[in-house]
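Me: I would like to go through a protein model with you. Could you bring it up, please?

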Amino acid sequence: MADLPLRDDLRGEEPYGAPQLSVPVVLNVNENPYAVPQVVVDDVARAVARAAAGLNRYPDREFLDLRADLAAFLRTESGAELAPEQVWAANGSNEVMLHVLQAFGGPGRTALSFAPTYSMYPEYARDTLTRWVAGRRAEDFTLDAAHVREQVARHRPSVVLLASPNNPTGTALPLATVEAVLDAVRELPGGAVVVVDEAYGEFRRAGVPSALELLPHHGNLAVSRTMSKAFSLAGARVGYLAASRAFVDALRVVRLPYHLSAVTQAVARTALAHSQLLLARVDELRARRDETVDVLRRKRFEVAESDANFVLFGRFADRHAVWRGLLERGVLIRETGPDGWLRVSVGTAAEMTTFQEALDEVTGRPEGRLADSTGGQR
Ligand code: PMP
């Protein structure tokens, strides 16, 4: 191997990513198990064909039409009143978040979050040469406001990342906690931005608010969303964020020119025109999520409360053995989170039945199975 001048801090690092294995039941990356409906597929194909006719030209760098469509969607979904200039988008919310760290992190600056949380956060920090600090969540994975205040005062971050619902735990944050963070960073001489990552926001339980409600009062707050989960559009790579104009303008400085391809913009706009249809199965997935929590509790597992489309459960003395046992039975889940826990994404009724049966075999805990809860589809 050539002796390449790789950055010292990247030596020995592995590329991030869950195993992509070809097995019958894939429940490891929190995708929506339902394919895009055929009418949407047909419309997307037509929109892509139109975009293809103009591919000799660079795409619309500001993509204000897409930003207006996203603002309109957030108005319908959460009642948020946003100008197109208050919305940003990129290739997945991963790239949106990288833009945030490029603009507000950097050498000599600190990004703060609270573990266990999304494992890409430290990588955004590493890649932008931002110092990474993780406070802790409580035993039940909630966030204690006093601990947050103490961590903010001690580490003086310029970026605070809060996932709600949190991955991998599923925990949603009360708005009071987000407000406590916003209060705490107000004391910092240099100020800080606070990003609430609502990648799983559409799956939150009834009555759980979105941090979008707080946007009108906080110019340093951003709420990030994605089309990868509830919208069934992980393959299209579209994530987005809502914030003040000044916040979004800062992201416009660091983005690569034309980062959102004409094809991506066409796909996203077509999908948004069909948002009701694409989101039609979210309620069903939420119900199956709640049912999965119940079933796992009846099997006497510890199960985290979830407002997302996945469930964290444990604890296993050897979680890898359980993960492997499931894989041997054709069910791929995720070995992530605190030691002893595993995370399963909510799939179709048939997939969840297969998961339960495989889990019973592997762990020898058949109790609590719901005979009719899975729709009887095998
Ligand atoms: N935030 C959280 C909390 C996530 O779990 C994920 C995906 N696993 C993302 C952001 C990134 O999603 P995407 O880039 O597909 O929008």
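This is a predicted model: local features need pLDDT of at least 70, side-chain atom pairs count only at pLDDT 80 or more; totals for chains, interfaces and linings use all residues.

Me: What is the radius of gyration, and what would a compact globule have?

Reply: A compact globule of 378 residues would have a radius of gyration near 21 Å, and the protein agrees with this because its own value is 21 Å. The radius is taken over C-alpha atoms, and the globule rule is 2.2 Å times the number of residues to the power 0.38. Along the principal axes, the C-alpha trace spans about 55 × 55 × 55 Å.

Me: What percentage of the residues is buried?

Reply: Of the 378 residues, 53% count as buried. Buried means under 20% relative accessible area, exposed means over 50%, and partly exposed lies in between (1.4 Å probe, protein chains only).

Me: And which domains are assigned?

Reply: Domain 1 covers 8-34 + 281-363, and domain 2 covers 38-278. These bounds come from an automatic or database domain assignment. The centres of domain 1 and domain 2, taken over C-alpha atoms, are separated by 24 Å.

Me: How many residues of each domain are in contact with the other?

Reply: In domain 1, 28 residues are in contact with 29 residues of domain 2. Contact means heavy atoms within 4.5 Å. In the protein, among contacts between residues at least 6 apart in sequence, 73% join residues at least 24 apart.

Me: Let us turn to single residues. Where is Val344, and is it buried or exposed?

Reply: Val344 is in strand E12, residues 342-345. Val344 counts as buried because its relative accessible area is 0%. Leaving aside neighbours within four places in sequence, Val344 is in contact with residues including Leu27, Phe310, Ile333 and Phe355.

Me: How far is Val344 from Pro257?

Reply: The C-alpha atoms of Val344 and Pro257 are separated by 37 Å, and the two residues are 87 residues apart along the chain.

Me: What about Arg205: which residues does it contact?

Reply: Apart from neighbours within four places in sequence, Arg205 is in contact with Arg286, Arg289, Asp290, Glu305, Ser306 and Asp307. Arg205 lies in the loop between strand E6 (193-197) and strand E7 (221-226). Arg205 is partly exposed, with a relative accessible area of 28%.

Me: And where does Arg156 lie?

Reply: Arg156 is in the loop between helix H5 (145-155) and E5. Arg156 counts as exposed because its relative accessible area is 53%.

Me: A change of topic, to the backbone. Which peptide bonds are cis?

Reply: One of them is the bond from Asn167 to Pro168, with omega near 15°. The bond from Gly314 to Arg315 is also cis, with omega near -15°. Pro168 is in the loop between strand E5 (159-163) and helix H6 (175-186), and Arg315 is in the loop between strand E10 (310-314) and helix H11 (319-328).

Me: What is the phi of Asn30, and of Tyr258?

Reply: Asn30 has phi near 60°, a positive value in a residue other than glycine. Tyr258, which is not a glycine, has a positive phi of about 65°. Most residues other than glycine have a negative phi, and most peptide bonds are trans.

Me: Are Asn30 and Tyr258 each buried or partly exposed?

Reply: Asn30 is buried, with a relative accessible area of 0%, and is found in the loop between strand E1 (25-26) and helix H1 (38-52). Tyr258 counts as partly exposed at 28% relative accessibility, and lies in the loop between helix H7 (245-254) and helix H8 (262-273).

Note on methods: Residues are numbered from 1 along each chain as its sequence is written. Side-chain values use heavy atoms; hydrogens and water are left out. Helices (H or I, at least four residues) and strands (E, at least two) are DSSP runs, numbered from the N terminus.
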